[in-house]
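Q: Hi! Could you walk me through this one while I have it open on my screen?

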Amino acid sequence: MSTTVIRRPPLVGLGTFNRFQDADAVGEAVSVAIRAGYRHFDCASLYGNEKAVGKAFAAALKAGEVTRDQLYVVSKLWCSDAAPEDVEAACRKTLDDLGLEYLDNYTMHWPVQMTKDSKVVDGKHEFSIVHQGDRKALAATWRAMEALVDAGLVRSLGVSNFDVRMLGELMQDCKIAPISNQFEMHPFLPQRELVAYCEKANVHVVAYSPLGMGGPRSPQDPDLLGDSLVKHIAGEVGKSPAQVLLRWALQRGASAIPKSLTPERIVQNRDVLDWALSSSQMERLDSLDIGYRFIEVPYFNFDQRPPSNVNTAPPGQALVKEGYVDEYGFYRNYFAREGKELRTEVIIRRGLLEPDELASNGRHLLPEKCWAAPIHVVTDEAVSALYGDQVVEGLTAAGFQVHKVVIETDVDESGETSTEHFKTVESLMRCSDLILERGITKHSAIVSLGGGVVNNLAGVLAGMLYRGITLVHLPTTTMSAFDAALDFKQAINHSLGKNLLGCYYPATTIAI
């Protein structure tokens, strides 16, 4: 009795997408790659070049340059073939085009089904959507893909562009688990939550567009290969920027499938297996996270997907989510509500308000767009005396332009220091005038340091001064952390998204 060994994808593969053009050039690139030692090839029926790729495989096999069991060939089920009754025919056509008897992996290209008559015309999609991310429909397609394994047409199955929610649901619904998840990943979009979930679920990550390319470019797109930090680290290790980016992906436990038609670059891109980036270099590359996608498609909106791992709860009930510890030692979780554009990340780290800690990790609290813009720390007199100067000192040492705005306090009936009497329009306008005087842009951030009144006033200031700026809460007590969380809970449970002040500006982060 023979046993088929399920292999994971080799670490470096060749992507074969070429914008629906010049299939023969892609075939030539595959031939070059095989001679350069590549064994992992990422194909798809959508790309329109599987016949050319198949000719390259046939030539290499005939010449003895490689054997079939040395190749790891992936192809992908396109969305217009996602109806269960169409899956086997689509797979057999791919096998016929590639000239192979089996695929090492067959991947669901997107969690989307299109009508059968959807097609690509002159490089543009003409399509009608049947569903996007529907659990029952995805499970039905998957059952048809599982039958391909039973029939010996494919050795393993995978998914592509699945988020945590979709992948988690599929893992519950399947008999044969996906061994891989392909998605866009690079330092501008490290996908920490999704990578962590895949690792926990024993699903191998395959990074597409690992060099930050793959779709049409515009002058507004950031340039990952041209980024000054990437180039600087490339100089430190004596490698190309592309090699640095590929090595970064590999050291995060992923495979990478860069695409190139240039023989020199094909050879160079594979030269990433016998050297390593230091932990410091990895951390510096990690700091490039700006949440930027190079790949946007007209048939799937990443921004409108339901928040992953959010359990819908009735109004007034807690939302239970599983957090994780990132590579910097920060515990991360978030508040969110399905169907509402409200999301606040929660970060917990011991000693976060210490100057040295803020100096080292302050940039992990604020998105990169804020780094060169004025940052305004809003606090009250009592908290400022305890923490104000050290927070300003730490954030300044982290490279921020920091200004402190202090709200008055007095003593309440119980003898405790309080800002309640200064929760007034006058206080709000005074703080507003100070911030405007010191400077504010759309990339600025307001950091509230203190308790509930400070958090509330900072939120109103953010919404009033510049809609779209970043708001971060730095609670200084357990009660003030609860206040910040309660403020968000009131907003997500209110039909109009309001808190007790009558408005809500969603904090980017609550850092505890």
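Predicted model: local features only at pLDDT ≥ 70, side-chain atom pairs only at ≥ 80, totals over all residues.

Q: Great. Are the faces of strand β9 covered or open?
A: Both faces of β9, residues 157–160, are covered. Leu157 and Val159 are buried on one side, and Gly158 and Ser160 on the other. Buried here means under 20% relative accessible area with a 1.4 Å probe, protein chains only. Strands are DSSP E runs of at least two residues and helices are H or I runs of at least four, numbered from the N terminus.

Q: Which strands does β9 pair with?
A: β9 pairs in the parallel sense with β4 (residues 105–108) over three bridges, and three bridges also join β9 to β10 (residues 180–184), again parallel. Strands pair if DSSP finds at least two bridges between them. Valine 159 is the bridge partner of methionine 108 in β4 and of asparagine 181 in β10.

Q: Switching topic: where is arginine 68?
A: Arginine 68 is in the loop between α2 (50–63) and β3 (72–77). Arginine 68 counts as buried because its relative accessibility is 16%.

Q: And what does its side chain reach?
A: The side chain of arginine 68 reaches the backbone oxygen of tyrosine 102 at 2.8 Å. The charged end of arginine 68 also sits over the ring of tyrosine 102, 4.0 Å from its centre. That label needs CZ of Arg or NZ of Lys within 6 Å of the ring centre and within 35 degrees of the ring normal.

Q: What about arginine 155?
A: Arginine 155 lies over the face of tyrosine 102 too, at 3.8 Å from the ring centre.

Q: Nice. How many aromatic pairs are there?
A: Nine. Rings of Phe, Tyr and Trp (its six-membered ring) pair if their centres lie within 6.5 Å; planes under 30 degrees apart are stacked, over 60 edge-to-face, and the rest tilted. One of the pairs is phenylalanine 41 with phenylalanine 57, edge-to-face at 5.5 Å centre to centre and 70° between the planes.

Q: Are those two buried or exposed?
A: Both phenylalanine 41 and phenylalanine 57 are buried.

Note on methods: Residues numbered from 1 in each chain as written. Heavy atoms only, no water. Buried < 20%, exposed > 50% of the residue type's maximum accessible area, 1.4 Å probe, protein only. Polar contact = N/O pair within 3.5 Å; in protein donor to acceptor, adjacent residues only side chain to side chain.
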